[in-house]
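Please consider the sequence and the three-dimensional model shown below. The account that follows is intended to be read alongside them.

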Amino acid sequence: LADASQLEQALINIIKNALEAVSQSKHKEITINLYQQTNQNSVQQLLLDVEDTGPGIATHVIEQIFVPFFTTKKQGSGIGLSLSRQIMIQHGGDLKYVTKAECGACFRLVFG
């Protein structure tokens, strides 16, 4: 059971961030991948990765990006990622930042 409007809001927040991230990039691309994986406890999980070709997240702020009211944006409130993570946790999942070797960011919504 899930609250579709809450999950929709979490996904909107992540995609909106990706759109803002690529707005200043020469190569603008957002990729959404949905796949299934078995975790270390042999539990099937559904994963949804939202990747962009923006500048990525600076290493020194990665640990803070899910903290309420923390933002690196001039016009940001700092509640989008925090709220999205809380929504995913309330649904038995998680929201994670996945470091990419190349530029850009990847946020993974984990449905468990």
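The model is a predicted one. Its sheet is open and consists of four strands in the order 1-2-4-3, with antiparallel pairing.

The pairings may be followed in sheet order. Nine bridges connect strand 1 with strand 2 in the antiparallel sense, and Thr38 has Gln44 in strand 2 as its bridge partner. Strand 2 (residues 44-52) is in turn joined to strand 4 by seven bridges, again antiparallel. Strand 4 is also joined to strand 3 (residues 94-98), through five antiparallel bridges.

Phe107 in strand 4 illustrates this arrangement: Val50 stands opposite Phe107, and Tyr97 has Phe107 as its bridge partner. Strand 4 (residues 105-111) is largely enclosed by the rest of the structure, because six of its seven residues are buried, that is, under 20% relative accessible area. In the hairpin of strand 3 and strand 4, six residues lie between the strands, and Gly104 adopts a positive phi near 110°.

Two helices complete this description. Helix 1 (residues 4-22) lies across strand 1, strand 2, strand 3 and strand 4, and runs at about 30° to strand 2. Helix 2 (residues 80-90) packs on the sheet and touches strand 3 and strand 4; the direction of helix 2 makes about 130° with that of strand 3.

Key:
Residues numbered from 1 in each chain as written. Predicted model: local features only at pLDDT ≥ 70, side-chain atom pairs only at ≥ 80, totals over all residues. Heavy atoms only, no water. Buried < 20%, exposed > 50% of the residue type's maximum accessible area, 1.4 Å probe, protein only. Pairing = 2+ DSSP bridges. Contact = heavy atoms within 4.5 Å. Axes fitted to C-alpha atoms, helices over the stretch in contact; angles between N-to-C directions.
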